[in-house]
Amino acid sequence: MAASFKQTAALSTPRVGRKQTPDAAYWNNFEFPVTVKEYGAVSCVDFSPVEPYSFAVTASDRVQIYNSRTNKVEKVLTRFKEAARSGRFRSDGELLVAGGDEGLVRVFHLDTKTSLRTFTGHTRSVHAACFSSDKVHVLSASDDKTTRLWDLATGEAVQTLTGHQDYVRSLAVCKSSADMWITGGYDHTVRMWDSRTQESAMTVDHEHPVEAVLMFPHGNMFLSAGGNCVKVWDALGGGRLLATCTNHHKTVTSLAFNSTCSRLLSASLDRHVKVYDVGTYQCVASLTYPSPILSFGVSPSEDVMAVGCADGMLSIQRRKQEESSTKQALRQRKRRGATSRRFYGRGGDYRPVVADYSVTHKQKEQLKKFDKHLKTFSSTKALDEALKPCYPAEVTVGVIQELIRRGSIKEALAGRDDKGLELLLTFLCRWTCEEKYCRVLLDVTTLVVDMYAAVVGQSGKVDRLLQKLLRSVQRETSHQEQLLNTLGSLETLLATAQGTNTS
């Protein structure tokens, strides 16, 4: 009895790819984003520290408060005559502070939407403002190169700190100490301030204009972002540089921690949000957005992420909710319907025992067209079918390998007319120099050239395809020669270095 026909296996090559890490799975587990068109570039996004974790979006001449559950605007603060900047919540979620291009710093009560305080004193735009950790002071940083500490009760400036030589664009406070905060400026420096003194307690050089700064809750380390890098500094070690992250390709514009401060997130004009492990400062996840990012925020529950872009688009994403097994069973039951379940689901809960006799049903094997031709030893028809564009390259190469194994490859290649030869040459031009197929296709190309050398000049299309194939092979040969030269240079360098170490 003859053995059954074995289907042709497609050529398989190992896939080179990065396995999805738990962090990547966690930070990519968001629903499709809800996008909102704002009135201008979104310069700041800040989440309230208290439930229901509303978030403030600063864009154009207003600050809008969004409900994180409905993604709807709840309140709009429009007391600004020029562009608003840095709308941020107080730690109790009751007040909000914002700067602006007018040089004023305003404090709003969110329940009534009234302006409680307006601090005057800066002579240029205020790009950064926030509350101190004691809740009774406000900090502001301005393009007039100064940083000011304001008393919320009296509305007066307690301190005016000078030291930066250019615009001061970022500000961060220490949660464990109301007397400590840091500022970053376009003079490439990050300065740590102590309200008990009039001078900066520490200054470090970031080497790029500083766009964002961030402090760890305990104040032992802080971070600065500017250019395409994020730098980590040791505050207790006198400003020693601990790590530098250069995973972005363009300017980093914003920094944030997750709820436990175990992950650092950075956003950039390259349209990416990177996630780092603060233990190793290695990038563990990456998110991509359609436009350059100016600001972003993550809710304390990590269920909502809001990203503000330079083109005025606000992207709001909610984490996917995992359905319980009960809900899944109910949904499946509704989908099937009660009647169909009673009829078609009979015996569905039956469990076989050892004494049962199992009857297997063997389904008829469905062969593809080229397999049918191979089964009847029609080599030319099998190759013609496999060369059709509807089949991927690995399937076509698998058929060619089977023909080579059978010893009928010459028969399949011979006796072709213009159309059949054009189809074959088109495939060879596209895939002969591909690394995973070249071992098989180079031999086939040699056979084709030897067989059809006599027909050169009889068909314009065939001549053009042969010239294209020649250029592809010459280009690949040139690349291989360059690689061999590079390999020789590296071997010489390594041998010299090894000899030096030995001596």
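Modeller: A salt bridge is a side-chain nitrogen of Lys or Arg within 4 Å of a carboxyl oxygen of Asp or Glu. The model is predicted: local features need pLDDT of at least 70, side-chain atom pairs count only at pLDDT 80 or more, and totals for chains, interfaces and linings use all residues. Residues are numbered from 1 along each chain as its sequence is written, and side-chain values use heavy atoms, with hydrogens and water left out.

Biologist: With which residue does D194 form a salt bridge?

Modeller: D194 is buried, at a relative accessible area of 13%; buried means under 20%, exposed over 50% and partly exposed in between, with a 1.4 Å probe and protein chains only. The closest N and O atoms of the pair are 2.9 Å apart, and the partner of D194 is R196.

Biologist: How many salt bridges does a search of the whole structure find?

Modeller: One of them joins the side chains of D101 and R85, at 3.1 Å from N to O. This pair links distant parts of the chain, D101 being in the loop between β7 and β8 and R85 in strand β6; strands (E, at least two residues) and helices (H or I, at least four) are DSSP runs, numbered from the N terminus. D101 is partly exposed at 23%, and R85 is partly exposed at 21%. For the whole structure, the search gives a total of 16.

Biologist: How many residues apart in sequence are the parts that D384 and R416 tie together?

Modeller: The closest N and O atoms of D384 and R416 are 2.6 Å apart, in a salt bridge. D384 is partly exposed at 28%, whereas R416 is buried at 12%. D384 lies in helix α5 and R416 in the loop between α7 and α8, so the pair ties together parts whose separation in sequence is 32 residues.

Biologist: Is M221 buried or exposed?

Modeller: M221 belongs to strand β19, which covers residues 221–226. Setting aside residues up to four places away in sequence, M221 touches M215, F216, V232, W233, D234, A235, L242 and Y281, where contact means heavy atoms within 4.5 Å. The relative accessibility of M221 is 19%, so the residue counts as buried.

Biologist: Which residue's side chain makes a polar contact with the side chain of D92?

Modeller: D92 is in the loop between β6 and β7. A polar atom of the D92 side chain lies 3.1 Å from the backbone nitrogen of E94. A polar contact is a pair of N or O atoms within 3.5 Å; within protein, one must be able to donate a hydrogen and the other to accept it, and residues adjacent in sequence count only if both atoms are side-chain atoms. At 2.7 Å, the side chain that meets that of D92 in such a contact is that of R90.

Biologist: Within what arc do the buried residues of α9 fall, seen down its axis?

Modeller: Helix α9, residues 438–451, reaches 20 Å from its first C-alpha to its last, close to the 20 Å expected; the expected span is 1.5 Å times one less than the number of residues. Its buried residues are V440, L441, V444, T445 and V448, while R439, D443 and D450 are exposed on the other side. The arc is that of the directions from the helix axis to the C-beta atoms. The buried residues line one face of α9 because they fall within an arc of 125°.

Biologist: Against which helices do the buried residues of α6 pack?

Modeller: Helix α6 spans residues 393–406 and has 14 residues. Its buried residues include A393, V395, T396 and V397. After the helix comes G407, with a positive phi near 80°. The buried residues of α6 pack against α4, α5, α7, α8 and α9.

Biologist: To what number does the count of disulfides come?

Modeller: A disulfide is a pair of cysteine sulfur atoms within 2.5 Å. C44, buried at 4%, has its sulfur 10 Å from the closest cysteine sulfur, in C130, which is too far for a bond. The sulfur of C390, a residue exposed at 59%, is 20 Å from the closest cysteine sulfur, in C429, and again too far. The count of disulfides comes to zero.
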